[in-house]
Amino acid sequence: MSSWRSWHRPLVAFSAAMALWALASAVGLAVDDRVLVGAPIWAKPFKFFVSFAAYGLTLAWMLAQTTWGRRTGWWAGNVVVVTSLVEMVIITGQVIRGKRSHFNAETPFDTNLYTVMGLTIVVLWAATLVIAVPLLRTRIADRATAWAIRGGVLIALVGAAIGFLMAQPTAEQRAAGNLDTADVIGAHSVGVPDGGPSMPLTGWSTTGGDLRIPHFVGMHALQLIPLFLIALVLLAPRITRLRDAGLRLRLVRVVTAGYAGLVALTTWQALRGQPLIHPDAATLIAAGVLLAAVATGAWTALRTAPAPDVVSVPAEPASDSKEFTA
């Protein structure tokens, strides 16, 4: 893996700034007792700051792995930084004003801010897609690393796109017939109003569907799938079978497919207006099938792995390729 000094520096600096702002938001949670849409008013910026810190740092590392389209990827990374900063400035500013940032059409000023946020998210998503292209085209010597990076970024793009569903007027808002004068247009909850009973920490609805769940799960594939591979590499010195590059590749493939299935499952559940913690029979059956498929895939991967005393030796990487190391 490339030295951290070769990572995309603006994204690294951005992630550091997000981490500091997250600490400031944590202070806000402790000293500011205001509540907005059923949640502590500083909860949203805190979660966004933490999420953006992880997002930016992961993209900074991934861009360092590219050997194709590096300049294009570098500029796309800068676009991610600028648009994310605009997004967070608006969210923080609205918190200071005591106003909701998302779905707010209460005044022309609030509407314009939300419109700007919508545009920045579209540009941010497009910039991430541009970054995905060099990652898909770059030759990475270790195939498990290639799968982890590419699978993570593609699933993250799907997860981010789920956010666009929240910006659409809900069925209840359409039925009211006053979209031109409504104070709120769009919602993250399905079947119930935003701000109702929710899970601790996450704030996800416990009475209806919540599109933030697949949005969150999908976006953080960017970190969790590569972290799974890192765990395999760190365990390899103790577990001989994991030293086999082919086994790691098969396990990463299984986890990537299972993770994509989880995003699909949570999206389906949310769109049916069903709380995460109260699944119906259909959801439980689908979850069981998914779990069984992942378990079967992992068992098959382990069964086809070479014996502990027969460890495959990875081929020498090409001069223009990148390889993952712990």
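Phe14, Phe48 and Phe52 come together as one aromatic cluster. Rings of Phe, Tyr and Trp (for Trp, its six-membered ring) pair if their centres lie within 6.5 Å; planes under 30 degrees apart are called stacked, over 60 edge-to-face, and the rest tilted. Searching the whole structure turns up six aromatic pairs. In one of them, the rings of Trp21 and Phe49 have centres 5.3 Å apart and planes at 75°, so this pair is edge-to-face. Trp21 sits in helix H1 and Phe49 in helix H2, so the pair ties together parts 28 residues apart in sequence. Helices (H or I, at least four residues) and strands (E, at least two) are DSSP runs, numbered from the N terminus.

A quick word on the model itself: it is predicted, so local features need pLDDT of at least 70 and side-chain atom pairs count only at pLDDT 80 or more, while totals for chains, interfaces and linings use all residues. Residues are numbered from 1 along each chain as its sequence is written, and side-chain values use heavy atoms, with hydrogens and water left out.

Phe49 is buried, at 2% relative accessibility, and Trp21 is partly exposed, at 34%. Another edge-to-face pair is made by Trp204 and Phe216, whose ring centres are 5.7 Å apart and whose planes are at 65°. Here Trp204 belongs to the loop between strand S3 (189-190) and strand S4 (209-210), and Phe216 to helix H7 (residues 212-219), so the pair ties together parts 12 residues apart in sequence. Trp204 counts as buried at 12% relative accessibility, and Phe216 as partly exposed at 42%.

Back to the two helices that hold Trp21 and Phe49. The axes of H1 (residues 9-31) and H2 (residues 43-64) come within 8 Å and cross at roughly 165°. That makes H1 roughly antiparallel to H2. Axes are lines fitted to C-alpha atoms, for helices over the stretch in contact, and angles run from 0 to 180 degrees between N-to-C directions; those under 35 degrees count as roughly parallel, over 145 as roughly antiparallel, 65 to 115 as roughly perpendicular, and the rest as oblique. Residues making the contact (heavy atoms within 4.5 Å) include Phe14, Met18, Trp21 and Leu29 of H1, and Phe46, Phe49, Phe52 and Leu63 of H2. Sorted by type, the residues of this contact are 20 nonpolar, three polar and no charged. In this sorting, Ala, Val, Leu, Ile, Met, Phe, Trp, Tyr, Cys and Pro count as nonpolar, Asp, Glu, Lys and Arg as charged, and the others, Gly among them, as polar.

Next come some backbone angles. Most residues other than glycine have a negative phi. Phe103, however, has a positive phi, near 65°. Phe103 lies in the loop between helix H3 (70-97) and helix H4 (108-137), and is buried at 4% relative accessibility. Leu201 also has a positive phi, near 70°. Leu201 is in the loop between S3 and S4, and is exposed, with a relative accessible area of 84%.

Finally, there is Thr128, which is part of helix H4. Thr128 is buried, with a relative accessible area of 3%. Leaving out residues up to four places away in sequence, Thr128 touches Tyr55, Val80, Val153 and Leu157.

Key: Buried < 20%, exposed > 50% of the residue type's maximum accessible area, 1.4 Å probe, protein only.
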